[in-house]
Amino acid sequence: MEVKVSENLTIIRQNIEQACKRTGRNSSEVKIIAVTKYVTAERAKEAFDAGIIHLGENRDEGLIEKWNSLGDRPTWHFIGTLQSRKVKNIIDKVSYIHSLDRISLAREINKRSTERIPCFIQVNVSKEESKHGISAASVLDFIQELKSFEHIYIVGLMTMAPLTDDETVIRNTFRGLKQLQQEVQALNLDYAPCQELSMGMSNDYEIAVEEGATFIRIGTSLVGREF
Ligand SMILES: *Cc1c(COP(=O)(O)O)cnc(C)c1O
């Protein structure tokens, strides 16, 4: 039988608490996004009812399906690669987009939105070829280029660590994102306060929390995997 979301949540919250204790952080800074892409709308509702406000989807179809069932009570996050032609399908449903990685996408988001949309820039810190996101070296230039888009508001940076057991590799990826965040903040741009770090998934969220994550995106170990 499937484990209740609330039971998984209790364990994850304890792990976050301990990671915060180890590094002198306040756990109230760490928000959990339940990634519901592998589960039904019913299971997503269970997560919301367990007290998880933030829900994340990586495909427009999944987002719309869950949105149709749960409406706008959760705070919706779009966490996956976003094709420009799909922006119009999700733009009035999501509160955050975690995968801004090119100017053409920024232009489309800017055009389709009537208000400022909080976005994370997705950065390929680990330089894996398979990973989406812009290179760390181009983040500052990219942000400067966003200046003319009045509806783009850069709340933070997002990354995915490599799938590996090597903790050092994972930790260095998250540290690299934190370092970049400080460089962005030093620009003092009103459209890019960059106060958030979206990093950490089921396998590596404790390391991410130790390294400064403010949003962790957890699917499998929180809501499970049905398909
Ligand atoms: C699927 C996904 C997650 C969650 O992955 P789990 O390993 O199941 O926790 C987090 N972030 C992104 C971008 C994803 O696509």
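In this predicted model, the second largest pocket has a volume of about 210 Å³, and its lining is made up of Arg13, Ile16, Glu17, Ser27, Val30, Lys31, Ile32, Gly51, Ile52, Ile53 and His54. Two or more of these lining residues are given by each of the elements α1 (5-23) and β1 (31-35), with α1 providing the largest share, three residues. By residue class, the lining of the second largest pocket divides into five nonpolar, three polar and three charged residues.

The largest pocket has a volume of about 640 Å³, and of the 27 residues that line it, Lys37, Tyr38, Met160, Met201 and Arg217 are the closest to its centre. Its lining comprises eleven nonpolar, eleven polar and five charged residues.

The ligand sits in the largest pocket, where the residues around the ligand are Val35, Lys37, Tyr38, Ile79, Met158, Met160, Met201, Ser202, Arg217, Ile218, Gly219 and Thr220. This shell divides into seven nonpolar, three polar and two charged residues. An N or O atom in the side chain of Arg217, in turn, is 2.9 Å from a nitrogen atom of the ligand.

Notes: Residues are numbered from 1 along each chain as its sequence is written. This is a predicted model: local features need pLDDT of at least 70, side-chain atom pairs count only at pLDDT 80 or more; totals for chains, interfaces and linings use all residues. Side-chain values use heavy atoms; hydrogens and water are left out. A residue is near a molecule or strand if one of its heavy atoms lies within 4 Å of it. A polar contact is a pair of N or O atoms within 3.5 Å; within protein, one must be able to donate a hydrogen and the other to accept it, and residues adjacent in sequence count only if both atoms are side-chain atoms. On a 1 Å grid over the protein atoms alone, a cavity is a set of points where a 1.4 Å probe fits but cannot get out, and a pocket is an open set with protein on both sides within 12 Å along at least five of seven lines; lining residues have an atom within 4 Å of a point. A molecule sits in a cavity or pocket if more than half of its atoms lie within 2 Å of its grid points. Ala, Val, Leu, Ile, Met, Phe, Trp, Tyr, Cys and Pro count as nonpolar, Asp, Glu, Lys and Arg as charged, and the others, Gly among them, as polar. Grid points are joined across faces, edges and corners, and a volume is the space filled by probe spheres set on the points. Helices (H or I, at least four residues) and strands (E, at least two) are DSSP runs, numbered from the N terminus.
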